[in-house]
Amino acid sequence: MVPDELIKEYLCELIASDDFPYGYKKLRYCLKENYKLIINHKKVYRLCKELDILRHQ
């Protein structure tokens with residue numbers, strides 16, 4: 001179990017990079033590849049919504 005605060009920190013690191021992956025599904029994939037996390041897309045969506053980093057297409 002990884003605490004939500006740590007996942008939020010990882011998400012902030014991902015969006016701070018130049019090649020910011022848009023969308024919660026792509027962010028989930030990046031979390032899986034970069035940090036070896038197994039995480040549900042619904043949880044990533046909820047955390048992105050809390051951080052207010054979701055954008056409209």
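Two aromatic pairs, 2 in total, were found in this predicted model. One of them joins Tyr10 and Tyr35. Tyr10 belongs to helix 1, whereas Tyr35 belongs to helix 2. The two residues are 25 residues apart, so the pair, whose centres lie within 6.5 Å, links distant parts of the chain.

The packing of the helices was examined next. Two packed helices are described by the angle between their axes and the distance between the axes. Helix 1 spans residues 4–16 and helix 2 spans residues 24–35. Their axes lie 11 Å apart and meet at an angle of about 100°. Helix 1 is therefore roughly perpendicular to helix 2, since angles of 65 to 115 degrees count as such. On the side of helix 1, the contact is made by Ile7, Tyr10, Leu11, Glu13, Leu14 and Ile15. Helix 2 contributes Leu27, Cys30, Leu31, Asn34 and Tyr35. By class, the contact holds 9 nonpolar residues, 1 polar residue and 1 charged residue.

Helix 1 also packs against helix 3, which covers residues 41–51. Here the angle is about 75°, and the axes are 10 Å apart. These two helices are therefore roughly perpendicular to each other as well. Helix 1 supplies Asp4, Ile7, Lys8, Leu11 and Cys12. Helix 3 meets them with Lys43, Arg46, Leu47, Cys48, Glu50 and Leu51. The class count for this contact is 6 nonpolar, no polar and 5 charged residues.

Empty space was then considered. Rolling a probe the size of a water molecule over the atoms shows where empty space is left. The largest pocket holds about 250 Å³ of space. It is lined by 13 residues. Closest to the pocket centre are Tyr22, Gly23, Tyr24, Arg55 and Gln57. Helix 2 gives the largest share of the lining, with 4 residues. By class, the lining comprises 7 nonpolar, 3 polar and 3 charged residues.

Terms used: Residues numbered from 1 in each chain as written. Predicted model: local features only at pLDDT ≥ 70, side-chain atom pairs only at ≥ 80, totals over all residues. Heavy atoms only, no water. Axes fitted to C-alpha atoms, helices over the stretch in contact; angles between N-to-C directions. Parallel < 35°, antiparallel > 145°, perpendicular 65-115°, else oblique. Contact = heavy atoms within 4.5 Å. Nonpolar A, V, L, I, M, F, W, Y, C, P; charged D, E, K, R; others polar. 1 Å grid on protein atoms, 1.4 Å probe; cavity = no way out; pocket = protein on both sides within 12 Å on 5 of 7 lines; lining within 4 Å. Points joined across faces, edges and corners; volume = space filled by probe spheres on them. Phe/Tyr/Trp six-rings, centres within 6.5 Å; stacked < 30°, edge-to-face > 60°.
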